[in-house]
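Here is a short note for a colleague who has not seen this structure before. Please keep the model open while reading.

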Amino acid sequence: MTTTPTRPTGLRLAAGVLTGILALYITLVAFGNITDFGTNQSYVRHVLSMDTTFKDGNLEWRAVTSTALEDTAYVLIIVWESVAALLLIWGTSLWARGRDDSARRWSTYGLLMLMLLFGGGFIAIGGEWFAMWQSEAWNGLDAATRIFLISGVALIVNQLPARQPQSRAGTEADAS
């Protein structure tokens, strides 16, 4: 049985470009967090310690004030970002080589990791549990929402079924 090589389609191109953009983004984020560790370390520490939120005893019990725990959380975030970057880079390379099924699978893993980090980690846990929305100085909800939504769009495009070209034999058989 011979197979005809698949031609690049607009869907493959869109999925590959969206995956590639997010791969570039999260790679730069992870690289920045590794090479400039202290900047976002301060961000994570302020969010977890809730030191710039409204002074409310009903919420402040949630604060994490151990710098060891805060730094552990930050390192775990960087590891998560790095793994997501690697998965998305791999997914992008698979889209570029026309290996759609593998590209879809690996890209999905990376995109879901981004959605979990930015949606579950930053929006839900940081934004609500640690009341990040109350902080004027350390509020990353807008940025997290942007990446969550872009990742969601990329995930939807990645999951769209490719149109299968109809073969002549299939068309003739359907006509009878």
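1. **Overall make-up.** This is a predicted model. The chain has 7 helices and 0 strands. Along the sequence, the pattern reads α-α-α-α-α-α-α. Of the 176 residues in the chain, 38% are buried. Take the contacts with a separation of 6 or more: 73% of them join residues 24 or more positions apart.

2. **Helix α1, length.** Helix α1 covers residues 10–35. Its 26 residues should span 38 Å at 1.5 Å a residue. The end C-alpha atoms of α1 lie 37 Å apart, which agrees.

3. **Helix α1, burial.** Which residues of α1 are buried? They are Arg12, Ala15, Gly16, Thr19, Gly20, Leu22, Ala23, Ile26, Val29, Ala30 and Asn33. The cover over these buried residues includes α2 (37–49), α4, α5 and α6.

4. **α1 against α6, geometry.** Two packed helices are described by the angle between their axes and the distance between the axes. The axes of α1 and α6 (residues 141–159) come within 9 Å and cross at roughly 150°. Angles over 145 degrees count as roughly antiparallel. That makes α1 roughly antiparallel to α6. The crossing of these two helices is left-handed.

5. **α1 against α6, residues.** From α1, the contact uses Leu11, Ala14, Ala15, Leu18, Thr19, Leu22 and Tyr25. From α6, the partners are Ile147, Ile150, Ser151, Val153, Ala154, Val157 and Asn158. By class, the contact of α1 with α6 has 11 nonpolar, 3 polar and no charged residues.

6. **α1 against α5.** Helix α5 spans residues 100–129. Its axis and that of α1 are 11 Å apart, at an angle of about 40°. The two helices are therefore oblique to each other. The crossing of α1 and α5 is left-handed. On the α1 side, Arg12, Thr19, Leu22, Tyr25 and Ile26 make the contact. The contact of α1 with α5 divides into 6 nonpolar, 2 polar and 2 charged residues.

7. **Helix α6.** How many residues does α6 have? The count is 19 residues, reaching 27 Å from the first C-alpha to the last. That is close to the 27 Å expected at 1.5 Å a residue. Buried in α6 are Leu141, Ala144, Ile147, Ser151, Gly152, Ala154, Leu155, Val157 and Asn158. These buried residues pack against α1, α4 and α5.

8. **Helix α4 and its end.** Helix α4 runs over 67–96. Its 30 residues should span 44 Å at 1.5 Å a residue. The end C-alpha atoms of α4 are 43 Å apart, which agrees. Just after α4, Gly98 has a positive phi of about 75°.

9. **Glu60.** This residue is in helix α3 (residues 57–60). Is Glu60 buried, partly exposed or exposed? Its relative accessible area is 33%, so Glu60 is partly exposed. Leaving aside neighbours within four places in sequence, Glu60 is in contact with Phe54 and Lys55. Glu60 and Phe130 are 70 residues apart in sequence, but their C-alpha atoms are 8.5 Å apart in space.

How values were computed
Residues numbered from 1 in each chain as written. Predicted model: local features only at pLDDT ≥ 70, side-chain atom pairs only at ≥ 80, totals over all residues. Heavy atoms only, no water. Axes fitted to C-alpha atoms, helices over the stretch in contact; angles between N-to-C directions. Helix = DSSP H or I, 4+ residues; strand = E, 2+ residues; numbered from the N terminus. Parallel < 35°, antiparallel > 145°, perpendicular 65-115°, else oblique. Left-handed = near helix turned anticlockwise from the far one by under 90°. Contact = heavy atoms within 4.5 Å. Nonpolar A, V, L, I, M, F, W, Y, C, P; charged D, E, K, R; others polar. Expected span 1.5 Å × (residues − 1). Buried < 20%, exposed > 50% of the residue type's maximum accessible area, 1.4 Å probe, protein only.
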